[in-house]
Amino acid sequence: MAKSITLASSALRYRDQLSEGRSRVESRFRTGLPSFQTATALSDLYDQIVSSVFEEALQHALTGGAKSLHTEKLALVAHGGYGRRDISPYSDADLMLLTPRGSASCAAPVAGALVRDLTDASLDVGFSVRTPAEACSLAWTDPKIYTSLTESRLLCGDETTFRKFHESFRTGAKRRWKTLNQNAIQTRREERRKWGETIYLLRPNVKRSRGGLRDIQLVRWLGFATHGETDLAQLFSLGALSSDDLETLRRAHGFMLRLRHELHFRAKRSQDVLDRPTQMEIARDWGYRGELGVLPVEEFMQDYFEHTRGVRYVSAFFDDDHRARSRTAMALERVLSRRIDDKIRMGPTHIWVIPKRLDAFATCLPDVLRLMQFANENRRRIAHPTWQAIRTAMQNRRLSPPDPQSVQSFLALLSQPGRLASLLRRLHELRVIEQLIPAMRRCRGLLQFNAYHQFTVDAHCLRAVQAATEFEDEETAMGRRYRRIKDKTLLHLALLIHDLGKGYDEDHSEVGRRIAGDVADALELEANQKETLQWLIHKHLLMNTVAFRHDLNDPDVVHDFAAEVGSVGRLELLLVHSVADLIAVGPDVLSDWKMKLIEDLYLRTRRYFETGNLPGENDPELDLHRTEIVSLIEAAGGSRSVVDLVSELPLSLLRHRASDEIANELIQVGKWLGEEKGCYCAGVIEPDGSAVRYNVVVRQGDRRVGTFARITGALFACGLTIFRANIETVGEDLLWDSFWVSDPDFADQPPVDRIQKVCKVIRKAIDEPESTLPAARRVWKTKGSDEPEVVHLLPTKIIFDNDTFDHQTILSLFTYDRLGLLAEIGMVLFANDVSIQFAKIDTHLDQIADVFYITDAAGQPIIDEAYQNQIREAILEVINKSTKSS
């Protein structure tokens, strides 16, 4: 009993020592202790505790009968981050107890006591017990073990045991360098795929994302196998790193280590993800002030991206230098190569500059751009030695305006898809693009502070170019349209610069149009090319705006859009640009629904250009679709009244659903019409299982105000999240509403009884308008735990448009979403006697873009400014209430 009390008090003492030590280090950190010294102080704190606990564990083992001779041969080794003394406040401590074979029997009780007491002291421990031979053997087959053991140091115990292990490990690693380096690179690639392949993530992991601390560690791991050293300064002295690369890694390491310390101290736990609220807090606390058009948090993140960009660059070249290559493949590349000119040769997979001409070539921007042009046209990779020489030369090159030859080579590069996106990324990293397009400099690492965009402005633009060029090899309608564009130069240039107007108070499309004019002048484009480029930048959101926020059944909408576009050629450019732009925003942003709407608008507009017919006029394909639906209804014994509904269906319902699906739905609606008992409601699981579509059909009657509010309120009361809705009118008196929802109660598809229960709630809400809706639950389930942080930097916009139509007002709402907000907005419109004629609801992550075609209770557009302000203030009240509560 006395012994357990002593052990318990010992653990408490070490726990207090750890807590007090962290507090002391944090105080010093807050008063300016550099990041490396902070890591050293924390490592010293860990060393003191671990060494003391180890000594106690040894004594405990000896009192338990272990022989002193055997315990003296044990060696306690720190490895990984702890081994290189590179830890943050709440990092774990990776430990290995090395034991010669003759001491293995006494290692177990020492290890058990050590792990137990360190855990009781609140230290996170990674622990293993190995003989030197076992440690080496496991390292050769497991890259995670190998990379961690490269950073080993003796904490306490027998120095001879540790030295024998380390010498054997070092010798074995150098003998196996090719395999070990290949495995380490592959493991790091897999980690990057999980945590972020691009350095321009808006919510990065400072340790594991591309360009993070782990890529600095990768340089050390590769250096150990190849040169027997992990220290960056030693790798420099051995010629493995240049002085510039060494300085780049040191600066980045210091910045990111400080940032990781900051994250740990703030969270009071291990935390490596730099989320958006924390970005804002750190920018403030670290003294960032911002500048015109750039927020302090954006300035801070630009610094972060600058460091990660440097790390990515250095680690990528170090990776390439230390990757195992087949000598046969390299020789074959040279044998099969051909001369392009007196400076350049091209093989089956690579293109390179002749070594004796490389130094002069690398300093000449026109030559570099011409090389890239050849690489792009022939889809060849630029050989590493050539690119490394170019990188070094361009880093030291004085910035100057581009000469005509460079401009022509740059335009020629833009004209072909090939490897365009990757080459543009390299030019951007070398700061060459900003010499040709100065506005690119300001957008380097510029944040787009919302959950809709996942990348910085410059990364998004480059990804948009990549998205377009990938259409080249697709056997799809978009692939055919992209290939139909004969001269793709303007398209690629527009995608590269389309968002460079962001970050100003003025609308970014307006600023972008002026930037496009400056770019056209600098690149000496012809007048018609300049006009097209400016138009494409100025209107790059037009197609998405019309497709997602307007009623495409209305001939005026298509006519006005066609008038704005002006020609089939511009329509094709705008289509490809719009789709590529959406793809580049982030995964799953271009949903099937959005693609269908864009496709629908494109086809209607192209048909208008070719035939002069507006939607619904002389459309053989649509007529055939209606005929198929009628045939299916008649074959199923549907009534005449159901058949008559086919001719009255809006085009949005006809174009986006299959004939059998529409026929079955109409037959069910027909049965409901024959009975005339309340409203019709049915839930249909979408084909991909991602959502349930609830279709609600209501006889209009004298008043239609409140139907939308009651339906959205019912869905909210059932715990459903509405992320899309379409409100249509069929004939003169049928309201046909569709709501796409996710059901947080079910990880997969909800069962039939759940859908029936929701329909019952909806029917009661509509059929008994005076009844009280069920109370919404207080605790909501959510699918997934990675919720967007509450950072509301973008202003809410409520816009009344009476210019587009004479007979109704378009109300556009842009704001941040929350549970139940759409239902509350519906109630606001109902309370203000607003009738909804048509609506499109679109929610992505934390933002909504909702459009309502509305009238007053008498069916007239809402023109009176006082009435508009009354509605606006009521909507703002519910939005602001939700913001405060969050």
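A: The model is a predicted one, and its protein chain comprises 39 helices and 16 strands, with 55% of the 886 residues buried. A pair of aromatic rings is described by the distance of the centres and the angle of the planes. The structure holds 18 aromatic pairs, and in one of them Phe 255 and Phe 300 are tilted, with 6.4 Å from centre to centre and 35 degrees between the planes. This pair links distant parts of the chain, since Phe 255 belongs to helix 12 (residues 243-267) and Phe 300 to helix 14 (residues 296-321), 45 residues apart. Both Phe 255 and Phe 300 are buried, and for Phe 300 the relative accessibility is 0%.

Phe 300 also pairs with Tyr 288: the ring centres lie 5.5 Å apart and the planes meet at 65 degrees, so this pair is edge-to-face, the cut-off for that class being over 60 degrees. Tyr 288 lies in the loop between helix 13 (276-285) and helix 14, whereas Phe 300 is in helix 14, so the pair ties together parts that are twelve residues apart in sequence. With a relative accessible area of 14%, Tyr 288 counts as buried, because the limit for a buried residue is under 20%. In summary, Phe 300 forms a tilted pair with Phe 255 and an edge-to-face pair with Tyr 288.

Key: Residues are numbered from 1 along each chain as its sequence is written. This is a predicted model: local features need pLDDT of at least 70, side-chain atom pairs count only at pLDDT 80 or more; totals for chains, interfaces and linings use all residues. Side-chain values use heavy atoms; hydrogens and water are left out. Helices (H or I, at least four residues) and strands (E, at least two) are DSSP runs, numbered from the N terminus. Buried means under 20% relative accessible area, exposed over 50%, partly exposed in between (1.4 Å probe, protein chains only). Rings of Phe, Tyr and Trp (its six-membered ring) pair if their centres lie within 6.5 Å; planes under 30 degrees apart count as stacked, over 60 as edge-to-face and the rest as tilted.
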